[in-house]
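Visitor: I would like to learn how to read the features of a model such as this one. Could we go through it together?

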Amino acid sequence: MAQLATANQDAATAASGGRTKRKAFRMSTVMAVLGTTPMIATAIGVFVICIIYSFVLSFTSSRIFPAFDFIGTAQYERLWSTGRWLVSVNNIWLFGVLSIAANMTVGFLLAVFMDQRIKQEDLFRSIFLYPFAMSLVITGLVWRWILDPNYGIQATVQGWGFTDFSFAPLVRAETAIYGLVVAGIWNGVGVTMAIMLAGLRGIDAEIWKAAKVDGIPTWRTYLFIVLPMMRGALLTAFILQCVGVVRVYDLIVAMTQGGPGIATQMPAVFVIQHITDRSNVGLGMAAATMMLLPVVVLLALQALIQWRANRAKEAAK
Amino acid sequence: MTAETLSVPAGSRLLEGPRGARPKKLTLSRVGIYAFLVLAALFFLMPLWVMVVTSLKTMPEIQLRQIFAWPREITFEPWLKAWDTACTGRDCNGLKPGFWNSVRITAVGTVISIICAALNGYALSFWRYKGANILFGLLVFGAFVPYQVVIYPLIIGLREIGLFATFPGIIIVHTIFGMPILTLLFRNFFASLPVELFKAARVDGAGFWQIFFQIMVPMAVPITIVAVILQVTGIWNDFLFGTVFAGRPNMPMTVQLNNIVNTTTGVREYNVHMAATILTAAVPLAVYFISGKWFVRGIAAGAVKG
């Protein structure tokens, strides 16, 4: 009997203890939600509602303020017959392909050379990376000065006696974009180098021994064995580049202001101009939606690949 | 593009030392390697050199068209002018006001965005309430969204609550756009801590805030340093948000610099422009050179922000 009583008591304390514990846990969960209010607001408020809002506005004729008079896809039709936008799209492709290709190539080369057990590695790394610490506005302003046709490199080298020397890409519509590419690479290639160097160093040292034993020349080892093995680093660098290219704005504003004429217009600049000075929000939002499209497609593709890989893994089990 | 691919621990590996092909003695190829690296280094240093020498020259000397030459007579006039009296339109106060605005925005923005992100990362690692993973997924997605897609709705939203073109407004904007990458940083850090630590604290009856302040914050010092470096340079270097959201009284230094240089009235004073450029670059450069290897770690984690 006494035993039963204590057993009951135990059960009772256990039950009440459990209840207070659960209550405490619930309280803490409330605190967790409370503590992450900014995240909830940002994730839903900005990255869902704002995007939907922009998307909806792209179907309206909004000028400065949002108006909800739906005009179907008229803004998109107008967008794709606007010269300024067509130039922007052309430019972003040209700029993107050129700067990503150059960035990856130079970044890989620098990483390979840095990996040769050189002296003063820290010094070289500091030199290659410091431009990235500075704003793209600064990058743009400096390179505009260096490429100035009257006082920059061109004038200086001509002054040395090479009177035919010409290197002032920014003043001509056909070449201005190459000037932007050079400045962009100066700013960002150090990062690519750092990521690739990390990738190189993540590769098993045994690979090198094996390649040496097999008598494979160093350059072939790098190109055909090591490069495919550092897929992760390559992908990371590539994604960073893509994000940077789509967002390119500061560099353009500081370096060319979209000129000469509209030769270096970019989508990011186009959108900002249309929601500010040009006060044509409907058209601007249609352009913004077009900017989001490739991002969404790429992310969906990535998700699909991952989902299929996971399914294959589960099937293998 | 998942959280995993984004967080290649580049910094840590980078510091292990080279593991590439073994070097031989001083051979032709060794000379070639150094020649390549030195040439590359010269290319990277050239703009800095040009900035410095141009800023120390007088305008007549600049008109001699020798952009690389060391000034014959050094003058600090352009520096004083850039700081104190350079004009943007009608205002002739130099970069001074922009500098102090940037200091305020960077200091407050860094602190607030890091507190938010640390809490997010902590909650996402140990208190995964229902839907938390979806929120995190949305944040990671946000890291890839072009700013232009959300800027206009944010303008409208901030105007509704009366914060557009105000100091709190620009702080909110920096907190929002810093959040994806910083949350990722803190989540990955907290997720790498042993769960037993958390469980032991729970058994002792500690709650959400207690565990955060007494156990997690002291352990998160290294990752916080990385986050601070990331945010200080990121916010200081920001141009787009400053132009759109800060409003005239809070205009950051980068925006003011661009206005000074691109102002169309009067003679173009290239020496003043370059002095102003160096002044604007000084803070992030100082952070970069002082923090050294920490900066590399920050980049590896955060270049996504770009």
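Visitor: How far apart do the C-alpha centres of domain 1 of chain B and domain 2 of chain B lie?

Guide: This is a predicted model, in which local features need pLDDT of at least 70 and side-chain atom pairs count only at pLDDT 80 or more, while totals for chains, interfaces and linings use all residues. Residues are numbered from 1 along each chain as its sequence is written, and chains are lettered from A and ligands numbered from 1 in the order in which they are written. Domain bounds come from an automatic or database domain assignment; here chain B is divided into domain 1 (17-78) and domain 2 (96-305), and their C-alpha centres lie 33 Å apart.

Visitor: How many residues of domain 1 of chain B are in contact with domain 2 of chain B?

Guide: Two residues are in contact if their C-beta atoms, placed from the backbone, lie within 7 Å. By that criterion, eight residues of domain 1 of chain B meet eight residues of domain 2 of chain B, and H3(B) gives the most to the domain 1 side, with four residues.

Visitor: How many residues does each chain bring to the contact between chain B and chain A?

Guide: Chain B brings 85 residues and chain A brings 91 residues. Helix H3 (residues 28-55) of chain B gives the most to the chain B side, with 11 residues, where helices (H or I, at least four residues) and strands (E, at least two) are DSSP runs numbered from the N terminus.

Visitor: What does the secondary structure of chain A come to?

Guide: Chain A has 14 helices and zero strands, and its C-alpha trace spans about 115 × 70 × 40 Å along the principal axes.
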